[in-house]
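Please look at the model first.

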Amino acid sequence: MARKTATMDPGPDVPSSAVPGLERLPAGPALFAGRRAELAALRAGATRRVSGRCPVLVLAGRPGSGRTALAARYARTVAAEYPDGVLFTRLSAPDGGRVPPGRAARLLLEQLDPQAAVPLPGVVEDGRDEPGCVALREALAGLKVLLVLDDVRDAGQVWPLIADEPGCLVIATTAGPLTGIEDIDPVILGGLDRQASAELLADLVGGTRISCDPVGAADLAEACAARPAALRLMAGWLRGDPKIAVTEAARALDRVVGEQSESGNPGEEGAGSATAGKSARSARQKPREKKEEEGRAAGAAPAAESAVPEPAGDPASWVKPGPEPAEPVPVPDNDPLLGAFTLLYRGLSAAQARMLRTLTLAPAQTADPRTASALVGCPVPEAAATLAALAERELLGEEAPAVDGTPRYRVPGRLYPRLVRLREQEDRPAETELARARLLERLVRLTESARALLDPADGAAPDPLPAALRLRSPEHARDWLLGERELLLGAVADAIGQGDLDGSAGRLVTALLRALPLTGAAAPADLYRLHELVLTVAERKARPRRASAALLNLGDLQAAAGRWEQAAAHYRSALEHARTVGDEPLCARALEGAAGCHRALGDAVRAADWYGRALGLRQSLGDHAAEARLLARVAEAHTAQRRFDEADREYRAALAVLRRIGDERGREAVGAALADLRERVDGGW
């Protein structure tokens, strides 16, 4: 059914190319209803200046109140004032999991400058920030950037990301109070006003149908507590059956809410519908009272709780430790949002319902036709049609399309817990495990296909994918890998976290480690995450050799970032694992890595000791090239200790080995180092 648009304000017409990163914002509804007072409050809040940091705007509201859509709407209206770009990230997973601020900072840094060296993950030491948070604040200095932080759980996630640059602006959305942030006057979202609710229903259902029954429309808005998400779901239900009267929609919603209040089960039809509906309606508060109650639940913190003193001293050091992470705000069973969802869900076909339940298994609950078809085991065109139908009925949110234009959809966080319950009730565990396995195998094939396009000479090409899945060119493969990188990493992490599909997850890790470097934009932080996952599986499966190799790779990445103490710790752990299986090459590699860390830290004595131990192993293995290299390293360590005779001896031993294996370039380099040593000693060094 075609939707009317004349009654609604289409909103700001800001081209995506006008401001870098504007396309990252959630698409949100095509048209927007009401919220004029809230938008005015946001504009007023943005003009307030806080000493030493950028302004922070907080939008607080229950799930389904439209806080994310309003934040994106406001961001688009002011984006032109922030020419250095718009950054967006979510700080909660759909299941309510808390995204650490360090991880969010690295994602924001990549958006700010894809070529920047994003710091490796690290721990907070001596009360200081995780390295990614420090790097983000440093990168924002002197810039005018708009940061949109969606679905914040607690103030501890926000403080480390707040720029010391007053020209930036942070917009944070949350379902609960953010205690611990000073000089914040949160904008509380309750229900829409009567006019905005009617406009929204008219646009989504059809103006004639609503105008012919204004009383029924008002009843429906009241039944939905005037919350945008519930109104949209009920509009989707009405569009599905043009014969249903608007008044009947309100009665049906009351009936279902009453059933769920009694049973707590979204799948039960329940008896005594009329009585339950009457009870639900009589218990419901008036819109003004409802709005006040939602304001108290969503954003109002007691004065005693929020009276946290402003940090003193250098603004660069006043990132506050946040309070204990808050629990996710649940959606109760008697919420009209879930009642509207239940009505819609009961009217879905079996294929649509199964798709909706199964999408809760997708990484970050985000899927395109390629991944959705793997999850449910259907052809790609069929999956694309089902996804579009679910989005049309307001059950999926539309994300920004992939680089190649492939549409992408996301399960709304407000519906995720209920869909998980339905999946556990209606799908057998074996079906769920099969869906997850199909997804991983699909991602492995796509990643291997991308690798083959980027480097045809790197091993045999995998079997060609069906036409609907195929990556067409090296450019397409690179764009797909980089565009889907976070979802690919998320899929691996989810699988390894559950521990029942380590084989498929391991193949995907291997494929990503081979493919990502071929893009020319493989972030060391991503490679670090992958090697950490390899280590997790290796230790879980009691495979010390593989664990040692993963630790060596982690140590190499830390050493390349100049984090020598962390690298040395990884090398020592790698040595312990290698010794348990008597793998001398791995032991020698770990010893040499640790020695290099001591050398970089200026500890020449320990460097000489660890190089010497590695040298003994390499000599026993007959690895002459490594023997010559380590002899030169030992000589350098002796030189740093001013033990010149020992250094001279080791250099000469290295030259003898290089002469024996015929390495002329090596002889030239070591000979030059020896000549330089002798010249300095003769000069009285």
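Which residues line the second largest cavity? They are Arg 354, Thr 358, Leu 361, Leu 375, Arg 423, Asp 427, Glu 431, Thr 432, Ala 435 and Arg 438.

This is a predicted model, in which local features need pLDDT of at least 70, side-chain atom pairs count only at pLDDT 80 or more, and totals for chains, interfaces and linings use all residues. Residues are numbered from 1 along each chain as its sequence is written, and side-chain values use heavy atoms, with hydrogens and water left out.

**Whole chain**

The chain has 30 helices and eight strands. These are DSSP runs numbered from the N terminus: helices are H or I with at least four residues, strands are E with at least two. Of the 685 residues, 52% are buried (under 20% relative accessible area; exposed is over 50%, partly exposed in between; 1.4 Å probe, protein chains only). The accessible surface is about 29,800 Å², by the Shrake-Rupley method with a 1.4 Å probe, where for residues only the protein chains shown count as cover. Carbon and sulfur atoms hold 52% of that surface.

**Cavities**

Rolling a probe the size of a water molecule over the atoms shows where empty space is left. A cavity here is a set of points, on a 1 Å grid over the protein atoms alone, where a 1.4 Å probe fits but cannot get out; lining residues have an atom within 4 Å of a point. Grid points are joined across faces, edges and corners, and a volume is the space filled by probe spheres set on the points. Three cavities reach 30 Å³ or more.

| Cavity | Volume | Lining by class |
|---|---|---|
| Largest | about 110 Å³ | seven nonpolar, two polar, three charged |

The lining of the largest cavity includes Pro 363, Thr 366, Asp 368, Arg 370, Trp 480 and Glu 484. Two or more of its lining residues come from each of β6 (366–367), α16 (369–376), α19 (429–454) and α21 (485–498).

For the second largest cavity, the elements giving two or more lining residues are α15 (350–358) and α19. The largest share, four residues, comes from α19.

**The sheet**

Strand β6 also belongs to an open sheet of three strands, ordered β6-β8-β7 with antiparallel pairing. β6 and β7 (397–399) stand at the edges with a single partner strand each, so one side of each lacks a neighbour in the sheet. Two strands pair if DSSP finds at least two bridges between them. β6 and β8 (residues 408–410) pair over two bridges. Thr 366 stands opposite Arg 410 in β8. Thr 366 is also one of the residues lining the largest cavity.

**Two positive phi values**

Most residues other than glycine have a negative phi. Ala 226 has a positive phi of about 60 degrees. It lies in the loop between α8 (214–223) and α9 (228–240).

Ala 542 has a positive phi of about 55 degrees. Its place is in the loop between α23 (524–540) and α24 (544–560).

Is each alanine buried or exposed? Ala 226 is buried, at 7% relative accessible area, whereas Ala 542 is exposed, at 61%.

Key: On a 1 Å grid over the protein atoms alone, a cavity is a set of points where a 1.4 Å probe fits but cannot get out, and a pocket is an open set with protein on both sides within 12 Å along at least five of seven lines; lining residues have an atom within 4 Å of a point. Ala, Val, Leu, Ile, Met, Phe, Trp, Tyr, Cys and Pro count as nonpolar, Asp, Glu, Lys and Arg as charged, and the others, Gly among them, as polar.
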